[in-house]
Amino acid sequence: MTLPQPVAGILDIAPYVGGRAKAAGAARIFKLSANESPLGPSPKAVEAFNAAASQLHLYPEGSSSILRHAIGEVMGLNADRIVCGNGSDELLHLLALAYAGSGDEVLYTEHGFLVYKIAALAAGATPVAAAERDYATDVDALLAAVTPRTKLVYIANPNNPTGSYIPSSEVRRLRNGLPEHCLLVLDAAYSEYVSRNDYESGIELVATTPNTVMTRTFSKIHGLAGLRIGWAYAPLAVVDALNRVRGPFNVSIPGQQAAVAAIRDTAHLEMSAAHNAKWLSWLRDRIAATGLKVYPSVCNFLMIEFPKDGPKTAAKADAFLLQRGLILRGVAAYGLPLCLRLSVGTEEANRLVAAALEDFMRAK
Ligand SMILES: *Cc1c(COP(=O)(O)O)cnc(C)c1O
């Protein structure tokens, strides 16, 4: 008897393990492992979500028209060039499905987001990781890794879990150096947190080249991770391909309604960005003062490096923090076994985690 077998590549996928949410024994827990918004979504988004309860028996409008138009209006983009997805994860997968297959290579960076490799393997393509320089995207290494079979390049800018970014001039140099047939996907999940003059999320490059896509999410600064909503801004030909492969009703009605309210609430977005800017630098300074290495981050999280051996390893810190209900994210799966990733939390969580790391480093 021969039982059904998954096609080549599927069983090579290491299942994605999300940030933990539990700490056994701790009276209260602070989940700082998934880069979720400590302030939550706009109250207007919650209101819109609740109002959608009366429509649950209806299929959503299939193209996410209301959401595409709201995004278009707020961001000054053509709604026809937007595709919405069940999280940006779905769009990252659909891009691989549509543009890479057996015999093709999908390129990303060494410590890039895990979904890129999973999406490549799921599409039957060969994943290829290019080295980074100082834990940041290295355009020269990427260009050196390109072959005639490279069909897709994923770059998270800024990147998770390293927190680094590359300036728009470097993104442009990457685009200019890639073959025309190669689709460049700029994953800008954390772009709303970045306030650097030399950073651009990708809108300009998508608008001016026929082979660049930008993906965005409502999961991070908009605080709607539970609803699973992302969007892509892309050339019309890519929009057309994505619309052929996506599920016909891939974004729910409550999700669309909440996201419309969220993107219109720019005051809530600004408040969330301000909270993050304040506490990101506060946490960085407090943690650096303990002697631990903290990598520069433009996101809503920090990557902290611990000694390789002895009493102060990442694993020991993780266990210590967990006892106090502070849940961080180990990033060994990203090739960073010495590091933990800490999401910026509420003021209370930030103060607790800083104090806990001080105690950990001080303890004999
Ligand atoms: C969180 C994250 C996303 C967002 O995923 P969703 O499916 O939209 O929740 C995308 N890319 C990176 C790099 C992320 O860290």
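Trainee: Why is Glu36 called partly exposed?

Mentor: This is a predicted model, and in it Glu36 has a relative accessible area of 31%. Buried needs under 20% and exposed needs over 50%, so Glu36 falls in between and counts as partly exposed.

Trainee: And what makes the contact of Glu36 with Lys31 a salt bridge?

Mentor: The cut-off is a Lys or Arg side-chain nitrogen within 4 Å of an Asp or Glu carboxyl oxygen. For Glu36 and Lys31 the N to O distance is 2.8 Å, so the pair qualifies. Lys31 is partly exposed too, at 31%.

Trainee: How many salt bridges turn up in the whole structure?

Mentor: The search finds 18. Another one joins Arg149 and Glu105, at 3.0 Å from N to O.

Trainee: What does the pair Arg149 and Glu105 tie together?

Mentor: Arg149 sits in the loop between α5 and β5, while Glu105 belongs to strand β3, so the bridge links parts 44 residues apart in sequence.

Trainee: Is Glu105 buried or exposed, and how do you know?

Mentor: Glu105 has 10% relative accessibility. That is under 20%, so Glu105 is buried. Arg149, at 43%, lands in the partly exposed range.

Trainee: What about Arg173 and Glu170, how far apart are they along helix α6?

Mentor: They are three residues apart, which means about one helical turn between them.

Key. Residues are numbered from 1 along each chain as its sequence is written. This is a predicted model: local features need pLDDT of at least 70, side-chain atom pairs count only at pLDDT 80 or more; totals for chains, interfaces and linings use all residues. Side-chain values use heavy atoms; hydrogens and water are left out. Buried means under 20% relative accessible area, exposed over 50%, partly exposed in between (1.4 Å probe, protein chains only). Helices (H or I, at least four residues) and strands (E, at least two) are DSSP runs, numbered from the N terminus.
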